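Dear colleague,

Please find the structure below, handed over for your records.

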Amino acid sequence: MSVDSRAFRLALLTSAAAALTACGGGGSTSASSSPPPPPPTANVAAMIVDGGPVVNGMPIGTINQAYVTITVCIPGTSTCQNIDHVWVDTGSAGLRLITSAFTSQLPASMQGTDTVANCVQFVSSYSWGAVRTADVKISGESAASVPIQVIGDSTVPATAPTSCSNGTSALNTAAQLGANGLLGVGVFLQDCGPGCQAPNAAPPGFYYTCPAGTCSPVNMAPSAQLQNVVGLFGPVNGASDNNGVLIQLPSLPASGMATASGSLIFGIGTRSNNALGTAVVFAVGPTTGFIQTTTTFPGSDMSEPASYIDSGSNGFFFNDSNITQCTGTSAGFFCPSSTMSLSATMLPYNTPLNTTSHTYSFSIADVQTLSGNAFNNIGGPAGACSSAGCTFDWGLPFFYGRSVFTAVEGTTITGNAGPFFAASTP
Amino acid sequence: MALAALGEDSSTVERDVMQLRAQRSVTPSSVYSVHELQLPGGTQVREYLTASNRVFAIAWSGPSIPDLQQLLGSYFPRYRSAAEAMGRSRRPAAVEDSDLVIRTGGHARAFFGVAYLPGQMPSGVRAEQIR
């Protein structure tokens with residue numbers, strides 16, 4: 001399969017040194033790109049796209065996974081640990097860390113005598129673990145007593161219930177996740193929200209307790225659920241950067257890079273370094289998190305009302321029968337015989353009531369011809385269309401060379417009501 | 001007895017209602033009927049039955065993915081193989097075979113999918129109607 005295959009990973013590793021040299025060393029942006037990131041301030045965390053955490057002596061060899069380092073502490077103490085290669089995800093909410101000797105010391109969330117377990121479902125994978133509480137710090141920002149998921153925690157059964165896993169891939173180790181954790185900084189403030197709150201029947205796929213080893217869904221009040229950490233940030237030097245995030249990654253050459261360095265900036269319009277400026281704002285559906293996309297590819301005009309911007313997706317995923325799909329180890333990606341220049345139009349969820357739109361250009365290359373870890377031109381088919389319609393998943397390739405904002409629900413920023421995504425032009 | 005519904009008779013829908021703790025409403029028609037299950041948390045499952053009460057298609061949408069082992073029954077292993085092949089990539093799993101089509105999509109708090117048996121679709125029913 002695809003980019004995770006052993007053969008492709010080896011090719012990436014052997015090419016890493018050459019690509020790094022071509023780009024003038026790690027941490028730099030490419031020659032023709034946007035201005036360098038602002039100097040580090042209280043709200044700027046260094047972000048890197050590289051081969052991922054080292055497992056068994058070598059980097060995993062991940063593709064288009066963007067990471068930050070975070071600090072977690074036992075609540076109310078200075079007993080802390082830094083955790084590198086935490087994957088930044090605008091498609092989910094909550095901090096999730098692969099279990100370690102340190103995270104197992106964090107206090108567990110209990111219902112009665114049972115540790116509360118947490119599940120997160122992705123479209124073809126899931127993670128399973130226990131809920132624990134930590135003080136969380138990143139750049140100059142901090143949040144106290146945050147419920148987080150400790151993935152692979154031994155205080156809950158090792159095997160997730162089928163209503164969580166659904167037969168999909170487990171992302172329960174660093175090697176499986178391609179990261180030491182996941183920092184969900186999407187548009188929602190909690191992983192589940194009011195749907196998990198009593199008196200609703202407890203839904204599958206979120207919170208469980210497992211008395212005698214048998215797990216069943218349980219209710220969880222929003223304040224006790226996994227939290228989008230950004231929403232909990234307190235004031236720093238007179239500003240609270242708690243209404244969303246700005247991601248800035250450098251432009252890339254078409255051949256990709258071994259490493260791309262950028263910034264995860266907290267707050268939107270709260271400081272001089274995170275203004276919306278001329279970015280185009282796309283309101284998202286308040287329950288779905290969807291925006292709309294329309295594509296006008298030759299012979300296949302399409303409306304895609306179940307679309308989203310997702311730093312946790314490693315490609316552009318959309319349906320276009322004109323683009324050759326890969327077979328063999330790269331199945332699920334596009335493999336056009338020559339690079340295709342395309343464009344698609346992004347719109348708010350509530351168009352046509354709101355007529356804001358912008359057309360973004362991008363390219364799709366043959367994934368099998370590329371080497372490195374950071375690419376702005378890979379993608380694949382999107383799969384199903386729902387009753388709401390089809391999907392255009394604007395994954396990490398969209399972020400290179402742009403400022404991309406994710407504003408949380410319940411905020412209003414220069415007259416724009418959250419939740420929304422916004423992106424600079426072109 | 002299989003727990004699940006796809007390809008089986010209407011008694012398995014009863015089982016789904018119980019196992020998934022769902023509330024059900026039925027929309028009958030002369031060609032096929034739709035049993036809509038409302039799951040805890042807001043996820044909807046629609047089961048499409050032929051006039052002879054065989055489940056020929058299933059669609060779902062909502063904040064969590066329903067128990068697909070329950071709903072896909074004997075077809076579940078083929079979905080699982082497709083999903084396992086996706087790994088941590090967020091490419092949605094799909095099965096596109098002559099006898100079975102499964103397509104999935106969505107993201108956190110908004111998932112959807114369809115599964116149907118092309119060979120058992122009542123005549124005149126198009127795949128686009130399954131949603």
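**Aromatic contacts and overall features**

A:Tyr360 is buried, with a relative accessible area of 0%; buried means under 20% relative accessible area, exposed over 50%, and partly exposed in between (1.4 Å probe, protein chains only). A:Phe282 is likewise buried, at 0%.

This is a predicted model, in which local features need pLDDT of at least 70 and side-chain atom pairs count only at pLDDT 80 or more, while totals for chains, interfaces and linings use all residues. Residues are numbered from 1 along each chain as its sequence is written, chains are lettered from A and ligands numbered from 1 in the order in which they are written, and side-chain values use heavy atoms, with hydrogens and water left out.

Over all chains, the structure holds 22 aromatic pairs. Rings of Phe, Tyr and Trp (its six-membered ring) pair if their centres lie within 6.5 Å; planes under 30 degrees apart count as stacked, over 60 as edge-to-face and the rest as tilted. The ring centres of A:Phe282 and A:Tyr360 are 6.5 Å apart and their planes stand at 65°, so this pair is edge-to-face. Because A:Phe282 lies in strand E18 (residues 280-283) of chain A and A:Tyr360 in strand E23 (residues 358-364) of chain A, the pair ties together parts that are 78 residues apart in sequence. The rings of A:Phe398 and A:Phe399 are also edge-to-face, because their centres are 6.4 Å apart and their planes are at 85°. A:Phe398 counts as buried at 1% relative accessibility, and A:Phe399 is buried at 0%.

A contact of another kind involves both chains: the charged end of B:Arg109 sits over the ring of A:Phe188, 3.9 Å from its centre. The criterion is that NZ of Lys or CZ of Arg is within 6 Å of the ring centre and within 35 degrees of the ring normal.

Chain A contains 3 helices and 29 strands (DSSP runs numbered from the N terminus; helices are H or I of at least four residues, strands E of at least two). Of its 426 residues, 60% count as buried.

As to confidence, the predictor gives the complex an ipTM of 0.87 and a pTM of 0.89. Chain B has a mean pLDDT of 85 (the predictor's confidence in each residue, from 0 to 100), and 97% of its residues reach 70 or more.

With kind regards
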